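This report describes a protein chain for a reader who is new to structural work. Please keep the sequence and the three-dimensional view open while reading.

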Amino acid sequence: MSPGGPLAPSVAGAPGREPTWLWTAAAVAVAVTAFSVRLAMVLRGSGLDGKLAYDDGVYYSAADALVWGRLPYRDFILLHPPGIVLALAPFAVLGRLTHDALGFESARIGWMLLGSVNAVLVLGVARRLGLVAALAGGLFYAVWQPVAVTETTTRLEPLVSLGVLVGLLVLANPLGERSRRAQVLAGCALGLALVVKIWAVVPVLVVLLLCRSRLGTRATLRVAAAAGVSAAVVAVPFWLAARSDMFRMVVLDQLGRPHLRVTTSQRLAGILGFSSWTPWAWATALCLGALVAMALLSRRSLARWAVGMLAVQVLVLVLSPSYFSFYAAYPAPALALAVAGGVACLDAGFARARTTTVARAARARRPALVAVGVGLAWLVTVDAETSVGVALPTAELSRLTASSHCVTADSPVDLVLLDVLSRDLARGCRVMVDVSGLTYDRDSASVQTAGRLPRRRNRAWQHDLRAYLLSGDATLLSRPHADGLSAHTLRVIDGLTVLGRGAGYELLATSPTAPGAATHGTHTAGRAVGPVPRPAQEGPS
């Protein structure tokens, strides 16, 4: 294809004018910034051994269960494609050989590094827009608070972003138009994104449309075929082991999820990292809106495609039945590329003096550099005030459960942090990988009634929850409000023996005669657990 194709840069801001070492330095700066921001949020909060979320424990527990020979969909509930399980399997192996907590903490570090890679990939994809714009996009992704918080632990969204960005990097690069192998590589990356979260189909389709516009039909078919093959290689073995169960959990359960009462306005504010439309939220929206508008109106095709991808991904979040804060990381790559496109347009506007002298051109670019620097500095200030996680007295709780044959918990991350998950799996104990997942699958209220039943009134859920929690020698409760314990379940739990109790948790022995334990007085378990400090990313899988 000729150099004047859809993604060809204009003269202003064209790449290649800067030396290679400068791009290398930019990549290192972006990577170090991204990792430092994510690690600081965790260390400022609960630490690597704290409770950062619910879902991260689900995914790690699923990987550990796979390591011990239990298959998702067939042996336990998993409401997503199996990509996250395979990605976490090496860390689960480390946890099995050493300690669960070590494997899990290593996985969290790995996901922070993954966030750094994503930020560098944004820089690489935006290279055609020029160094200033590409660096702005990469640093924006590195310090943008919603995505940074999400990438502090093992989430789905960072893996989806990785696959999409690798595909974009290859296809938006001259190598993508010359090499069939590069096109196959891009397709494989897109396919791996598809087996992590079904929402990945939206950005993948946008990338395929971009490929069709730039490289033609044959190349697009080649990329799509590679994506299909790579996705099939991962998903088909699990589907053969549990055909109808896998389809039900991954597709039907997701489509049938209950609609949460989160308004469109609240979702849009959440995408910006705010819980409501404060003056700071409006200011952020205006600044980003201006950059996105400039990207849309620019002559740079990559910037316009990024805006298109951003629009459809935001639409998915607005129309989705559920919404949680970490969903804001889903459109983050497109937003970062749109920011890069807007900065490129801003930079070109200030640098039209290039037709005169180099010195005057450099001075003309200073306003753009100052504007970008001020914006990034403000985002770093926001990050500096952000901490994630809730501390759990793991040493004390581990001591109290040392003699227990089987331990259960209403949040799987507790079993991981107490270093009893692999022990339970090795002993053949009942391990419920996704406790809340029951209410979206087997105990779904839609199966029992045409209306929406809260968990407190869902008899099937209450029965299954009690059966699981009481199946071990000790049980740890840390999500009483999310569990929606009914009055009957509370009475059953009130008859158990207290082994340990603190802010946000209660460890109970299922036998009332457990030695060294103090028995309950007359109260409810929900009150006994007390006010629960909620992790920054709490939410069902």
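From strand β4, the side chains of Y505, L507 and A509 point one way, while E506 and L508 point the other way, and all are buried. Buried here means under 20% relative accessible area, exposed means over 50%, and partly exposed covers the values in between, with a 1.4 Å probe and protein chains only. The strand is thus described as mostly covered, since five of its five residues are buried. Strands (E, at least two residues) and helices (H or I, at least four residues) are DSSP runs, numbered from the N terminus.

The model is predicted, so local features need a pLDDT of at least 70 and side-chain atom pairs count only at pLDDT 80 or more, whereas totals for chains, interfaces and linings use all residues. Residues are numbered from 1 along each chain as its sequence is written, and side-chain values use heavy atoms, with hydrogens and water left out.

**The partners of β4**

Which strands pair with β4? Strand β3 (residues 497–502) and β4 (residues 505–509) are antiparallel and share five bridges. Strand β2 (residues 474–477) also runs antiparallel to β4, and four bridges join the two. Two strands are said to pair if DSSP finds at least two bridges between them. Two residues lie between the strands in the hairpin of β3 and β4, where G504 takes a positive phi near 90 degrees.

**The chain as a whole**

The chain contains 26 helices and five strands. Of its 541 residues, 56% are buried. A contact means heavy atoms within 4.5 Å. Among contacts between residues at least 6 apart in sequence, 74% join residues at least 24 apart. The chain exposes about 21900 Å², and carbon and sulfur atoms supply 65% of that area. Accessible areas come from the Shrake-Rupley method with a 1.4 Å probe, and for residues only the protein chains shown count as cover.

**Helix α12**

Helix α12 comprises 13 residues (243–255) and should span 18 Å at 1.5 Å a residue, which agrees with its end C-alpha atoms being 18 Å apart. The expected span is 1.5 Å times one less than the number of residues. A kink of about 35 degrees is centred on M249. The bend at a residue is the angle between axes fitted to the seven residues ending there and the seven starting there. The buried residues of α12 are M246, M249, V250, D253 and Q254, and these buried residues pack against α11 (217–241). An α-helix has 3.6 residues a turn, so residues three or four places apart point the same way.

**The disulfide and other cysteines**

A disulfide is a covalent bond between the sulfur atoms of two cysteines. It is identified here as a pair of cysteine sulfur atoms within 2.5 Å. The structure holds one disulfide, and it joins C406 to C429 with an S to S distance of 1.9 Å. C406 lies in the loop between α19 (394–400) and β1 (407–409), and C429 in the loop between α21 (421–426) and α22 (445–448), so the pair ties together parts that are 23 residues apart in sequence. The torsion about the S-S bond of C406 and C429 is about -75 degrees, so the disulfide is left-handed.

| Cysteine | Relative accessible area and class |
|---|---|
| C406 | 11%, buried |
| C429 | 4%, buried |
| C287 | 52%, exposed |
| C345 | 26%, partly exposed |

Is S436 buried or exposed? With a relative accessible area of 1%, S436 is buried. S436 belongs to the loop between α21 and α22. Leaving aside neighbours within four places in sequence, S436 is in contact with Y54, R455, W461 and R479.

D483 is placed in helix α24 (residues 480–483) and, at 0% relative accessibility, counts as buried. Which residues does D483 touch, not counting those up to four places away in sequence? They are D410, R455, W461, Q462 and L465. The C-alpha atoms of D483 and L465 are separated by 8.7 Å, although the two are 18 residues apart along the chain.
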